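Here are some notes to read beside the model. Please keep the structure open while going through the points.

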Amino acid sequence: MTERSEGTVKHSAFGAESDEGGLRTKQAPGVRIDGLTVVYKTTAGELPAVRDVSLELKPGTITGIVGESGSGKSTMALSLLNAVQPPGRIAAGRVDIDGLGDVAEFKGEQLRKARGRHIGYVFQAAQNSLNPLKTVGKQLLDLGRSHGVEDLRALVREAKELLGRMGLDGARVLDSHQHELSGGMRQRVGIMLALVLNAHLVVLDEPTTALDMITQANILKIVREVHAERGLTTLVITHDIGVVAEVADRLAVMYGGRLVEQGPTREVLADPQHPYTRGLIRAIPRLVGDINEAQALPGRPPTLATVPKEGCVFRERCALRMDVCDTVDPAARPYGLRIVACHAVDQAVKVPSGEGEHA
Ligand SMILES: Nc1ncnc2c1ncn2[C@@H]1O[C@H](COP(=O)(O)OP(=O)(O)OP(=O)(O)O)[C@@H](O)[C@H]1O
């Protein structure tokens, strides 16, 4: 076993402090994604899955990214770790993380160190991403060794503490194989593994998919508590706007690789501006308040091949479609505390309310 001597990790009662390479992340970092475009190579050439997206994650906040399947959420989240795999690549833009710099420029060892230590990631379907052949404890030790953690006993203590915090018997879970744990337990193990190296930026991709409602509510409660206790900046990716309503301070809505609306969650939910945001909210009974009132959004989201190359990406499904939507991509413009990209909203803002065609 080779343990690197550089990058010493000192374990405090509740975590590790790294002075590796001068990279410090001792408190919730802010993140600024600016003009991010990510493309995948297809038989029709390179096509954007995320196009010119800008988003700020404020330190200490939980931001939720919502959108239907294929809207580009996971691709965007992977960009935070510069982990988009070929045939994909970041084609343009920056991902600036406080204390680290522009991770879109990171390569090799620099990138490997940033992941885990500074950025914790719980992958989509974390329930299935554990190694079936190794106990959780063995996987924890592998993780520690791969990050040069010297005090592995302290790492195990930390893991037990976190698992206990999430209502699990830490010692038992560390001794278990994946098949001995329920879906909810595996999801919590995923969260533990993302937090155990004391990352302060945490990305959770679909943390509650495939869990029953009670387990889902428990996991969301834990996410909120751990976020507050540890002082994290958290990004939650989900197709379920109900999940975001439970957990996120801020909400960003994606469609066809574009960010169509973002702002404080409560404000967006109470008065959605983009027709797509409205459609997503209307489809969720617990947000509508009456199961009979909930309506599925008609039509289907576009694929990489069918997403319009010009004009508004949402126009095919939009009740407010105008001529301009066919040719001009709506700019993301401030709307109070929000940013919205919609020609109908722009027009309603320009025309006093009541007189606008679509107001
Ligand atoms: N490896 C790949 N090669 C080609 N296209 C890809 C690849 N990975 C994703 N895509 C495409 O990029 C687009 C965005 O996918 P992405 O997984 O980021 O969306 P998502 O919103 O996270 O969806 P889901 O909730 O289903 O994961 C989709 O059209 C998808 O088919």
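1. The chain contains 13 helices and 14 strands; these are DSSP runs, H or I of at least four residues for helices and E of at least two for strands, numbered from the N terminus. This is a predicted model, in which local features need pLDDT of at least 70 and side-chain atom pairs count only at pLDDT 80 or more, while totals for chains, interfaces and linings use all residues. Residues are numbered from 1 along each chain as its sequence is written, and side-chain values use heavy atoms, with hydrogens and water left out.

2. Of the 359 residues in the chain, 52% are buried (under 20% relative accessible area, with a 1.4 Å probe and protein chains only). Among contacts (heavy atoms within 4.5 Å) with a separation of 6 or more, 65% join residues 24 or more positions apart.

3. Around the ligand there are 13 residues, and the closest are Ser69, Gly70, Lys73, Ser74 and Thr75; a residue is near if one of its heavy atoms lies within 4 Å. Helix 1 gives the most to this shell, with three residues.

4. For Gly70, a backbone N or O atom lies 2.8 Å from a ligand oxygen. Ser71 also has a backbone N or O atom 3.0 Å from an oxygen atom of the ligand. The ligand taken alone exposes 630 Å², and the protein buries 68% of that (Shrake-Rupley areas with a 1.4 Å probe).

5. Ser71 sits in the loop between strand 5 (62-66) and helix 1 (73-79). Is Ser71 buried or exposed? Ser71 is buried, as its relative accessible area is 3%. The side chain of Ser71 reaches the backbone oxygen of Glu68 at 2.8 Å. Leaving aside neighbours within four places in sequence, Ser71 contacts Ala49, Met254, Tyr255, Gly256 and Gly257.

6. The largest nonpolar core has 61 residues; Leu163, Val173, Val189, Ile191, Met192, Val196 and Tyr276 touch the most other members. Such a core is a set of buried Ala, Val, Leu, Ile, Met, Phe, Trp, Tyr and Cys residues joined through side-chain atoms within 4.5 Å. Helix 6 (residues 183-195) gives the most to this core, with six residues. Not counting residues up to four places away in sequence, Ile191 touches Val122, Met166, Leu204, Ile219 and Val223.

Note on methods:
Buried means under 20% relative accessible area, exposed over 50%, partly exposed in between (1.4 Å probe, protein chains only). A polar contact is a pair of N or O atoms within 3.5 Å; within protein, one must be able to donate a hydrogen and the other to accept it, and residues adjacent in sequence count only if both atoms are side-chain atoms.
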